[in-house]
Amino acid sequence: MKRSWGRAFLKPGAAVAAAFLTLSGPPSIAAPATAGPLLETAAPGRGQLSFGDGVELSVLSSRPDTVMGGTVLVRVTPGAATADPEAVRLRVDGTDVSNVLRPVTVDKSTAWEGLVTGLPEGTVEMVASALQGEAEARVELSNHPETGPVFSGPHQEPFVCDTADFELAGGGTLGPPLDKDCSAATVVQHVYRTGDGKWKPLPDASSVPSDATEATTSTGVTVPYVVRVETGTVNRSIYETAVLHTPGEAEPDPWNPPRGWNRRTVYKFGGGCAGGWYVQGPTTAGVLDSPMLARGYAVSSASLNVFGHNCDDLLAAETMMAVSQRSTTVLGVPEATLGWGNSGGAYQAHQIADNHPGLLDGVVVSQSFPDMVSGVVPVITDALLLREYTAKHPDRLTRQQQVAVSGFGRWESIDLLAGKARRIDPRGVCRSDLPEEELYHHEHNPEGARCDVFAAGANVYGTDPGTGQPRRPLDNVGVQYGLGALLDGVLDVDAFLHLNEHVGGVDGDGRVVRERTVADPLATAAAHRSGRVLNGGGGLADVPIVDHRFYEDDLPDGDLHMRHHSFSVRDRLSAANGTADNHVMLVEHRDRAEGRFSSSSALALRALEELDAWVTGILEQERTHPGRQPIETIRAARPKSLVDSCWIGTGKDAEQVVGEQRPLLAGQGDRCADAYPVYSWPRGVAGAPLASDTVACALVPFDAERHPAEFTEEQAEHAAEVFSEGVCDWRAPGRGETGFGGTWQRF
């Protein structure tokens with residue numbers, strides 16, 4: 001939706017005041033508007049215009065405190081007083097820059113917009129005035145280097161550049177980096193789509209090739225299927241933005257966008273995690289997305305928005321913000337920005353929408369997780385502990401019992417998920433071209449760069465001054481592994497106690513040790529406060545979410561993308577907001593999606609189109625029902641066809657079953673659950689809630705009398721020793737758990 005990131009308003013004679021956003025508050029939202037076309041009758045020198053009795057100064061391209069690279073798109077709304085258009089002035093730190101302003105139409109009124117460039121780094125005061133300076137509005141800007149950082153904290157070091165290996169859409173590469181921040185010159189190329197579905201470089205920028213096809217956009221505009229692809233660097237990331245742009249059209253600017261653009265942007269987030277540190281990344285999530293581009297969407301992505309290159313959602317948010325700013329200064333303000341992400345891309349979409357509201361207006365996620373630190377890391381580390389336990393004690397648990405303890409749908413998932421625990425191993429997955437002498441080694445280089453998720457998040461979690469290592473929000477003290485299996489009779493008490501006595505934990509190097517893992521309390525508090533544990537009560541509460549999943553819980557070799565994670569997100573939304581009415585689940589067989597999340601998948605593309613309709617409806621509701629609570633607007637705007645559903649069957653004729661999706665195993669009479677059962681995970685079996693948002697559980701003393709299982713006197717004494725520090729009370733807030741600290745935090 002169209003955002004005005006900051007605005008100031010003063011009536012004539014009123015005291016001058018700064019009007020900019022606090023670091024933790026949500027962005028200011030103006031009446032819906034974009035950088036509009038020139039208003040010919042309002043050109044300077046054509047007589048008097050009707051102004052207001054005040055002046056409003058709005059920042060359109062970013063929040064005032066997050067400007068990057070010295071460029072900002074602004075709007076001055078003079079109001080309804082009468083004055084000479086030449087009297088509308090704009091000053092930056094006292095320097096008159098009024099020459100950049102042009103008159104535009106905004107909601108049938110006249111405003112003045114301009115692209116201000118060359119801002120100095122640091123704090124900048126921008127002042128708009130009219131009525132010979134009697135009415136003024138001020139906004140304080142904070143301008144940051146184009147290479148960042150802004151709010152994500154100090155840059156990762158070392159950092160490997162990939163511009164020389166980045167392949168451009170029209171051929172060639174970005175070339176060698178220009179500086180230590182991996183910068184490269186911006187490149188604009190055009191490609192076109194042939195009738196047989198291939199992309200080719202445009203040979204002549206002034207004409208359409210004879211073999212080019214046409215595209216008819218979602219707004220009904222038919223144009224040659226030629227795409228402008230801009231590639232460059234910002235925030236130390238390589239970015240791409242693609243949009244329909246007909247040869248012969250002028251180079252786009254905010255007031256002359258390409259005719260084929262539908263005024264919406266899809267921002268694509270890429271998956272992965274392991275290996276996502278200390279590298280720029282040689283790919284984005286891909287912007288030559290034909291179904292999206294053909295419908296008129298601009299498509300943007302960046303290398304640091306691929307979790308396989310950057311497994312840090314905070315840096316991903318900053319990168320998306322930087323790319324969106326750049327795109328806005330080229331194309332203008334989009335009516336909406338829609339997030340699109342699978343797996344690791346879903347982390348980003350969830351957390352960016354929640355922690356940095358205003359960047360995304362709605363998201364389509366697939367194979368989703370709530371976050372890394374609470375949604376995934378406990379699952380993979382517990383799988384590692386279970387695998388190592390059974391390797392050391394091969395005669396203790398049968399395969400059936402192992403599955404019951406894990407909660408997974410298949411025994412093979414234990415080994416597969418245990419392998420994913422390499423992302424907490426500081427030497428687990430380091431890209432081969434990282435300098436060996438700069439990498440961590442527990443003996444030879446203990447201060448070296450660590451290739452793990454906690455080091456990637458060290459700006460949030462902090463560093464232990466005693467060890468020099470990143471603090472870790474990871475804990476399993478008090479977890480009663482296999483409790484559900486014990487209560488179901490799959491384990492006996494002795495097997496349950498032996499497992500919990502010997503399961504152990506993981507040390508700072510990701511190795512299995514005898515002692516349980518104890519979370520650093522400062523890291524735990526930071527994880528909750530900062531939104532690294534997805535809260536759901538920030539910006540995510542006010543945007544529509546379409547959760548698409550092609551079912552993989554029953555893959556022969558197991559899988560990480562288990563369906564229960566979608567329900568974890570829904571439960572967090574409900575806990576934070578009292579409702580999850582902005583969350584819709586769509587589930588299908590993986591064969592229908594050909595085992596991948598892509599706009600070429602019928603259901604995934606439908607999800608995007610219905611999300612677009614939902615966001616469009618929200619815009620309309622906001623215009624016709626101003627002041628209504630966001631969730632009421634979201635409910636009123638949701639398309640009737642977009643409801644919780646599953647598709648049973650593998651072909652095009654699969655049956656859609658409409659109904660609320662529920663976290664059930666098969667055999668309970670729910671058709672969707674029977675087709676796509678929802679399995680548990682080790683801590684779910686141990687009694688953890690479905691929200692799975694506890695880092696370190698609250699502890700209570702083990703009490704055999706109150707325990708749901710029956711213990712002999714000898715077993716009770718043994719259990720008290722095994723759980724000498726207590727057992728988890730999942731109903732209470734976790735140890736070190738804090739409230740959400742608000743949006744747009746800085747580190």
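In this predicted model, helix α10 (residues 493-502) and helix α17 (residues 713-722) have axes that come within 10 Å and cross at roughly 20°. Angles under 35 degrees count as roughly parallel, and α10 and α17 are therefore roughly parallel to each other. Their crossing is left-handed. On the α10 side the contact involves Val 493, Asp 494, Leu 497, Asn 500 and Glu 501, which meet Gln 715, His 718, Ala 719 and Val 722 of α17. Sorted by class, the residues in this contact of α10 with α17 are four nonpolar, three polar and two charged.

From α4, the residues in contact are Val 379, Ile 380, Ala 383, Leu 384, Leu 386 and Arg 387, while α6 contributes Ile 414, Asp 415, Leu 417, Ala 418, Gly 419 and Lys 420. The contact of α4 with α6 holds eight nonpolar residues, one polar residue and three charged residues.

The strands come next. Strands of a sheet pair through backbone hydrogen bonds, either parallel or antiparallel. Here, twelve strands make up an open sheet with mixed pairing, in the order β14-β13-β17-β18-β20-β19-β21-β22-β25-β26-β27-β28. At its edges are β14 (199-201) and β28, each of which pairs on one side only. From one strand to the next, the twist averages 20°.

Within this order, β19 (residues 264-269) and β21 (residues 336-342) run parallel and are joined by six bridges. Thr 265 has Thr 337 in β21 as its bridge partner. Helix α13 (residues 602-624) packs on the sheet, and the strands it touches are β19, β21, β22 (362-366), β25 (545-551), β26 (583-589), β27 and β28. The direction of α13 makes about 150° with that of β21.

At the β28 edge of the sheet, the pairing of β27 (residues 645-648) with β28 (residues 655-658) is antiparallel and spans four bridges. Another positive phi, near 65°, belongs to Arg 236, a residue other than glycine. Arg 236 sits in the loop between β17 (226-234) and β18 (237-244).

Strand β12 (residues 135-144) contains Arg 138. The side chain of Arg 138 makes a polar contact of 2.8 Å with the side chain of Glu 125, and another polar contact, at 3.3 Å, joins the side chain of Arg 138 to that of Glu 136. The loop between β12 and β13 (187-193) includes Pro 149, and Pro 158 is also located in the loop between β12 and β13. The peptide bond from Gly 148 to Pro 149 is cis, with omega near -5°. Glu 157 and Pro 158 are likewise joined by a cis peptide bond, with an omega of about 0°.

Key: Residues numbered from 1 in each chain as written. Predicted model: local features only at pLDDT ≥ 70, side-chain atom pairs only at ≥ 80, totals over all residues. Heavy atoms only, no water. Helix = DSSP H or I, 4+ residues; strand = E, 2+ residues; numbered from the N terminus. Polar contact = N/O pair within 3.5 Å; in protein donor to acceptor, adjacent residues only side chain to side chain. Contact = heavy atoms within 4.5 Å. Nonpolar A, V, L, I, M, F, W, Y, C, P; charged D, E, K, R; others polar. Pairing = 2+ DSSP bridges. Axes fitted to C-alpha atoms, helices over the stretch in contact; angles between N-to-C directions. Parallel < 35°, antiparallel > 145°, perpendicular 65-115°, else oblique. Left-handed = near helix turned anticlockwise from the far one by under 90°.
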